[in-house]
Amino acid sequence: RERPDVRSIKQRLLVVANRLPVSAVRRGEDSWSLEISAGGLVSALLGVKEFEARWIGWAGVNVPDEVGQKALTKALAEKKCIPVFLDEEIVHQYYNGYCNNILWPLFHYLGLPQEDRLATTRSFQSQFAAYKKANQMFADVVNQHYEEGDVVWCHDYHLMFLPKCLKEYNNRMKVGWFLHTPFPSSEIHRTLPSRSELLHAVLAADLVGFHTYDYARHFVSACTRILGLEGTPEGVEDQGRVTRVAAFPIGIDSERFIRALEVPQVQEHIKELKERFSGRKVMLGVDRLDMIKGIPQKILAFEKFLEENQYWRDKVVLLQIAVPTRTDVPEYQKLTSQVHEIVGRINGRFGTLTAVPIHHLDRSLDFHALCALYAVTDVALVTSLRDGMNLVSYEFVACQDSRKGVLILSEFAGAAQSLGAGAILVNPWNITEVASAIGQALNMDADEREKRHRHNFEHVTTHTAQQWAEFFVSELNDTVIEAQQRIRK
Ligand code: G6P
């Protein structure tokens, strides 16, 4: 009998993330329409040729009936996606509650919720219980689909418990966990009531990855200070077992953006936008409408700039794309009204009968529209109060080769470590500093813009999402082999 050619068998990669990279809309009792959303992770894994990736995650919709679940599972299978079904109560407690109202703000240095103490404690406990339950549900699905030799890559703060649940099922599973947000200083992590349980659960993974060296260092400090474990050059050691901890800065599929600029529809759009804003410099913000993005701070800095620079008032426009997100969480609802109020006030103050200084859109743009917008932008403003990486800054750079616009970038975004030399770095809390950075960017001469842009473009096109994914997975394979060799010795 012929033997299969082992070289042609690709290693299977199970990518586990809270959200599947599709949006699912129900069309009938047993029919669904699916749209792939090509975020960073999807394009990273599409480019990785040596693995066969499958996705496991929540489809973002409530499907209470069996007929609907079966039909959705079947439709998703064609996209190599496997759903985890979460009911409304779990979504409320795990996703809206523990993930987005507790971990997300805490990891971005916004602290724990501070309402009535007792009420918080009670809801905290039930939300944490739901978080663990949801993580176990993800683990159950992974376990059903796992085959010997697969690599399991868990993503983000939603799934910190998952490595532990997976290793309880099968200690030989190769498990990696990557955090897409910052990991805060250990002094911040210390305030979390479930601080130790979460750290122990993550440490069950073989490899733990972060965007920057600082986040990795904070994580190791949390393990040494809170759990009393030993930090080693490789990571964290617990009774002879080492969990490797390292930095893997993500990138984008820069080619996809560069190619998009050649598409006739995009070129047409670029032409229209140039006509629309002719005689004015275009400043751009693209963010999910999230408190970590510093949108009010950005707009207030723009107001201060207009206040102090009368010359620029009719010569610059700020386009702010604010994509609605997590709209069931009250903090996000409050932010929306706050931003609308500030924008309204500034447009009332500086607008004329024919033009307003800020165009604020509460929606997302499709990929091509976004690329066109990046391409006509003179100054991009990223003012995150904290941000794991911030790939908008990378996308802007990728689309700027002909214009050589300026990037104003928060020093609290992970991207500041890679694009810092090309961008103007700012402290987004310092409105005066951001206002003067706007002036510096608008007045920057062409040589300086070219020099800064070259630096950033070089980085963005040589540190891609594909390389990031390959690097993480090969490191995970190596880590497991090394650990096995240590045990054999
Ligand atoms: C951040 C998180 C992701 C998350 C995304 C969108 O980038 O790190 O894990 O998927 O925000 O948020 P959402 O809550 O809509 O999934």
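Lys404 is buried, because 20 other C-beta atoms lie within 10 Å of its own; a residue counts as buried at 20 or more such neighbours, as exposed at 12 or fewer, and as partly exposed in between, with C-beta atoms placed from the backbone. The model is a predicted one, in which local features need pLDDT of at least 70 and side-chain atom pairs count only at pLDDT 80 or more, while totals for chains, interfaces and linings use all residues. Residues are numbered from 1 along each chain as its sequence is written.

Lys404 lies in the loop between helix H14 (391-398) and strand S16 (406-410), where helices (H or I, at least four residues) and strands (E, at least two) are DSSP runs numbered from the N terminus. The phi of Lys404 is near 60°, a positive value in a residue other than glycine. Tyr109, which is not a glycine either, has a positive phi of about 65°, and is placed in the loop between H3 and helix H4 (117-145). Tyr109 counts as partly exposed because it has 14 C-beta neighbours inside 10 Å. Within helix H4 itself sits Asp140, which counts as exposed with 12 C-beta neighbours inside 10 Å. From Asp140 to Leu162 the C-alpha to C-alpha distance is 9.9 Å, across a separation of 22 residues in sequence.

In soluble globular proteins, nonpolar side chains tend to be buried together. Here the largest nonpolar core holds 146 residues, and the members that touch the most others are Val16, Val152, Trp153, Phe219, Ile408 and Ile438; such a core is a set of buried Ala, Val, Leu, Ile, Met, Phe, Trp, Tyr and Cys residues joined through C-beta atoms within 7 Å. Helix H3 (residues 88-107) supplies the largest share of this core, nine residues. When neighbours within four places in sequence are left aside, the contacts of Ile408 include Val379, Leu381, Ala423, Val426, Ile438 and Ala441, a contact being a pair of C-beta atoms, placed from the backbone, within 7 Å.

Helix H13 (residues 367-376) is mostly covered, with seven of its ten residues buried. These are Leu370, Cys371, Ala372, Leu373, Tyr374, Ala375 and Val376, and they pack against helix H9 (254-260), helix H10 (264-276), strand S12 (281-288), strand S13 (316-323) and H14.

In helix H12 (residues 330-350), the buried residues are Ile342, Val343 and Ile346. They cover an arc of only 100° around the axis, which puts them on the same side of H12; the arc is taken over the directions from the helix axis to the C-beta atoms. The cover over these residues includes helix H11 (295-308) and strand S14 (358-361), whereas the face turned away from the buried side carries the exposed residues Pro330, Gln333, Lys334, Ser337, Glu341, Arg345 and Gly348. At 1.5 Å a residue, the 21 residues of H12 should span 30 Å, which agrees with the 31 Å between its end C-alpha atoms; the expected span is 1.5 Å times one less than the number of residues. For helix H18 (residues 465-488), the 24 residues should span 34 Å, and the end C-alpha atoms are 35 Å apart, which agrees. The buried residues of H18 are Ala465, Trp468, Ala469, Phe472, Val473, Leu476 and Thr479.

Around the ligand stand Arg19, Asp156, His180, Thr181, Thr325 and Arg326, each with its C-beta atom, placed from the backbone, within 6 Å of the molecule. By class, this shell has no nonpolar, three polar and three charged residues, where Ala, Val, Leu, Ile, Met, Phe, Trp, Tyr, Cys and Pro count as nonpolar, Asp, Glu, Lys and Arg as charged, and the others, Gly among them, as polar.

Definitions and conventions: Contact = placed C-beta atoms within 7 Å.
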